[in-house]
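Subject: the structure, plus what I found in it

Hi,

Here is the structure I promised to pass on.

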Amino acid sequence: MIRPPDLTTTCPMTIAAILFDLDGTLANTDPIHFLTWQELLKTYDLEIDREFYQKQMSGRLNPAIVADLLPHLSPEQAARVADEKEAQFRQFAAQLQPMPGLTDLLAWAGDRALKCAVVTNAPRENVRFMLDILHLSDRFAPVTIAEDLPAGKPDPLPYQQTLQQLGLSPQEAIAFEDSPSGIRSATAAGIYTIGVASTHDPETLRAIGASQTIADFTAPHLWDDLEAIAPDPREKTRSVS
């Protein structure tokens, strides 16, 4: 089996921040979003399957989705549809769990004083809800929400804004993304991007631009690479003493 490109050869030997998408990356929410959209759109006599959802909807902003699928709605009606969809999503998502390995990764980052940020297309209320459900409300700074910006993913602006707030260059960060729009956004900002294959197959994510892919944060090759570029500083202290 061919090993994917690793961080030690394609990314600087020192990183200062890890940037995370929210939906599909911190938690596997995509099945819930799909079912919520599927049920809601039935009331408009629209049937969607998983393939259509992944190609046309996953990772996109709600206004764009509603404009494409329900172009006859007024802006006010479209906004109500998007609000209704997200309210239903929050009801279904009350038992969300962190992506496997996420807790360990955040602890690892904390031990190395790495900054952790969230960069998301999700609506603000969903962001607050999900971070609270996952017990991560105080873990990320900044939390960059696309609806606060002139453009969301796949535009690079959300990631560029995050880097600016952190005072870092693209070469000082890595990003985890699960959707085509997110990967395009992060890579266009010049950030080494790892695809989380929770919603799309690894080949699709690599074809879009992910430098490597993982099923979740327990992937052994991910941990090998992370330890190589950011070894535990406590080990260095022990060796000196």
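Below are my notes, going from the whole chain down to a few residues.

First, the ground rules. This is a predicted model, in which local features need pLDDT of at least 70 and side-chain atom pairs count only at pLDDT 80 or more, while totals for chains, interfaces and linings use all residues. Residues are numbered from 1 along each chain as its sequence is written, and side-chain values use heavy atoms, with hydrogens and water left out.

The overall picture: the chain has 12 helices and six strands (DSSP runs numbered from the N terminus, with H or I of at least four residues for helices and E of at least two for strands). Its radius of gyration is 18 Å, which agrees with the value near 18 Å for a compact globule of 241 residues (taken over C-alpha atoms; the rule is 2.2 Å times the number of residues to the power 0.38). Along the principal axes, the C-alpha atoms fill a box of roughly 70 × 40 × 30 Å.

If you take contacts (heavy atoms within 4.5 Å) between residues at least 6 apart in sequence, 68% of them join residues at least 24 apart.

Now the aromatics. Rings of Phe, Tyr and Trp (its six-membered ring) pair if their centres lie within 6.5 Å; planes under 30 degrees apart are stacked, over 60 edge-to-face, and the rest tilted. By this rule there are six aromatic pairs. In one of them, Phe 20 and Phe 217, the ring centres are 6.0 Å apart and the planes are at 75°, so the pair is edge-to-face. This pair links distant parts of the chain, 197 residues apart: Phe 20 is in strand 1 (residues 17-20), and Phe 217 is in the loop between strand 6 (212-214) and helix 11 (220-229). Both Phe 20 and Phe 217 are buried. Ring pairs also join these two with Phe 140 and Phe 176 into a cluster.

Is Ile 15 buried or exposed? At 5% relative accessibility, it counts as buried. Neighbours within four places in sequence aside, Ile 15 touches Leu 114, Glu 172, Ile 174 and Ile 229. Pro 31 is 16 residues from Ile 15 in sequence, and their C-alpha atoms are 32 Å apart in space.

Cheers

Terms used:
Buried < 20%, exposed > 50% of the residue type's maximum accessible area, 1.4 Å probe, protein only.
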